[in-house]
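Reader: I am new to this structure. Can you show me how to read its features, one at a time?

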Amino acid sequence: MSNWVWPVTLYLGKGLLVTLWISLLTVILATMLGLLIAALSQSTLTFARFVGRLYVELFRGVPSLMILLFVFFALPQIGLRTGPLTAAIIGLGLWGGANIGEVFRGALDSIPHRQEQGARALGLSATEALVFVILPQAFRRALPPYVGQLTVLVQASALTSVVGVSDLLGSARQMIERLAYVGTGDSHAIEIYLGVLSIFFVICYALTGLASMIERRLRV
């Protein structure tokens, strides 16, 4: 084994932990925002539905990288300064919230209105009909595309290195630059980037497989 392999592997391991941490916090934030957006879309208040729709159209209409750069570089101009890690989580969370909100909204809209009417006819209140009749069915329908959105967020976490986060990709780039200036001058870029690609593939393939498995189970 070459001398550079083990130190680079350890450094990439630290970057992988950062990537997983960012992905986890981003998923939590995006899910909370998605639930809020879905709730707004079902509101009887026109203004609430407008706010929810505006949020979705705004954040789905721009690339996630632009939102990330805006949070990190533009918001400090008005006093909202954050570190690279926080900016990455907020930026990707805002973008992911719009996509996950659409998943939840679509699942809720797919439940026929007559089911709520039937539940109300049986004596359930509006809240009970929502909790015991509508949400369980909507949850089953939303789960496969929701897991698919988690895969997208994990892939998007690779963008965080552009604002200085030492995630998996950022760590790989740093190692390549260091190796290029020491020893024989060989950056080993092919080997390192293939390693990074393999790690992302394994994570996303596992999530994609999980989404497919859930979809098959729910069809039974």
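Author: Start with pockets. A pocket is an open set of grid points with protein on both sides within 12 Å along at least five of seven lines. A volume is the space filled by probe spheres set on the points. Keep in mind that this is a predicted model.

Reader: How much space lies in the second largest pocket?

Author: The second largest pocket holds about 260 Å³. Its lining has 13 residues, and those closest to its centre are Leu35, Phe104, Leu135, Phe139 and Ala142. H1, H4 and H6 each give two or more residues to this lining. H6 gives the most, with six residues.

Reader: How do the residues of that lining divide into nonpolar, polar and charged?

Author: Twelve are nonpolar, one is polar and none is charged.

Reader: What is the volume of the largest pocket?

Author: About 410 Å³. Among the residues that line the largest pocket are Gln42, Asp109, His113, Glu116 and Leu135. H4, helix H5 (113-121) and H6 each supply at least two lining residues. H6 gives the most here, with five residues. By class, the lining of the largest pocket has eight nonpolar, two polar and two charged residues.

Reader: Now the core. Which residues have the most contacts inside the largest nonpolar core?

Author: Tyr55, Ile100, Phe104, Tyr146 and Leu153 do, in a core of 38 residues. At least two residues each come from helix H1 (5-41), helix H2 (46-60), helix H3 (64-74), helix H4 (84-109) and helix H6 (126-156). H4 gives the most to this core, with eleven residues.

Reader: What does Phe104 touch, not counting residues up to four places away in sequence?

Author: Phe104 touches Thr31, Gly34, Leu35, Ala38, Ala142 and Tyr146. There is also a second, separate core of 15 residues, which includes Leu12, Leu168, Met175 and Ile176.

Reader: Let me try a single residue. Where is Leu65 found?

Author: Leu65 is in helix H3.

Reader: Why is Leu65 called partly exposed?

Author: Use the cut-offs. Buried means under 20% relative accessible area, and exposed means over 50%. Leu65 has a relative accessible area of 31%, so Leu65 is partly exposed.

Reader: Which residues does Leu65 touch, leaving out those up to four places away in sequence?

Author: Leu65 touches Leu159 and Val162. Leu65 and Ser157 are 92 residues apart along the chain, and their C-alpha atoms are separated by 9.9 Å.

Note on methods. Residues numbered from 1 in each chain as written. Predicted model: local features only at pLDDT ≥ 70, side-chain atom pairs only at ≥ 80, totals over all residues. Heavy atoms only, no water. Core = buried A, V, L, I, M, F, W, Y, C linked by side-chain atoms within 4.5 Å. Buried < 20%, exposed > 50% of the residue type's maximum accessible area, 1.4 Å probe, protein only. Helix = DSSP H or I, 4+ residues; strand = E, 2+ residues; numbered from the N terminus. Contact = heavy atoms within 4.5 Å. 1 Å grid on protein atoms, 1.4 Å probe; cavity = no way out; pocket = protein on both sides within 12 Å on 5 of 7 lines; lining within 4 Å. Nonpolar A, V, L, I, M, F, W, Y, C, P; charged D, E, K, R; others polar.
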